[in-house]
Amino acid sequence: MNYIFWGFFFIVFNINIHFGATLINFIPNFIGYILMIKGIDTLKHLVPRFEKIRGFCIGMAVLTSFIFVIALLGISGRFNALFIPIRLLSFTIGLYPQYHILRGLKDLAQKKAVSSEKYMPIRLWIIVAIGYILGYLVLYFAAVLPLNVVVLAPLNFVILLMMFGGGVVFMFFLYQEKRALETSVLQDQSSDQNNHS
């Protein structure tokens, strides 16, 4: 569970610094997908859905590492109007494995009877995803259209609040689910050892 939790951390939060045309992401998404692959490998015996999604995570690790290198080399800054749709497409494709990982965790939590039917992490993840999609769209239109900064500033603030605030709340609920699942799995292992003794 730790790998999946930290994988989502690297995907949900982006700290970017611009140096001219160069973009440095201090929490790169490809590391998040690599951590998710490791998490899938450790939990696939408990969650059959994870076996099917592993290949998508590998593809996303490759795609997001390519995007990271392009941004680091400054190519993205020179072709911003082209690069933003590529990042949006990458993010959108990444929603598929992320959803199935969360769905697999929900199935496991319900099987272990440690979660409700609502499963808050999926609902909060949807809010964060919508915030990111809106953010990419605003960035794109700002790059290709002569939009007034006065119009974009409040909109950007709302979107950033949605992304960051939603991300913090999402990670909090995901952490709570992680702790509950880990406790349940440890209890199962302990009772299995007692039964074999």
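Which residues in α2 are buried? I began my notes on this predicted model with that question.

**Helix α2.** I found N29, F30, G32, Y33, M36, I37, G39, I40 and L43 buried in α2. The helix covers residues 29–43, which makes 15 residues. I looked up its reach too: from the first C-alpha to the last it spans 21 Å, close to the 21 Å expected at 1.5 Å a residue. A reminder to myself: an α-helix has 3.6 residues a turn, so residues three or four places apart point the same way.

**The cores.** Next I turned to the largest nonpolar core, which holds 45 residues. F8, F50, I101, L105, F170 and L174 have the most contacts inside it. I then listed the elements giving two or more residues to this core: α1 (2–12), α2, α3 (49–72), α5, α6 (120–144) and α7 (149–196). Of these, α5 gives the most, with nine residues. Apart from this core I noted another, of five residues, including L23, I70, A71 and F83.

**F170.** Leaving out residues up to four places away in sequence, F170 touches F8, V12, L102, P121, L124, W125 and V128.

**S90.** My last stop was S90, in helix α5, which runs over residues 80–111. Is S90 buried or exposed? I call S90 buried because its relative accessible area is 6%, and the cut-off for buried is under 20%. Beyond its neighbours within four places in sequence, S90 is in contact with M60, L63, T64 and I67.

Notes:
Residues are numbered from 1 along each chain as its sequence is written. This is a predicted model: local features need pLDDT of at least 70, side-chain atom pairs count only at pLDDT 80 or more; totals for chains, interfaces and linings use all residues. Side-chain values use heavy atoms; hydrogens and water are left out. Helices (H or I, at least four residues) and strands (E, at least two) are DSSP runs, numbered from the N terminus. Buried means under 20% relative accessible area, exposed over 50%, partly exposed in between (1.4 Å probe, protein chains only). Contact means heavy atoms within 4.5 Å. The expected span of a helix is 1.5 Å times one less than its number of residues. A nonpolar core is a set of buried Ala, Val, Leu, Ile, Met, Phe, Trp, Tyr and Cys residues joined through side-chain atoms within 4.5 Å.
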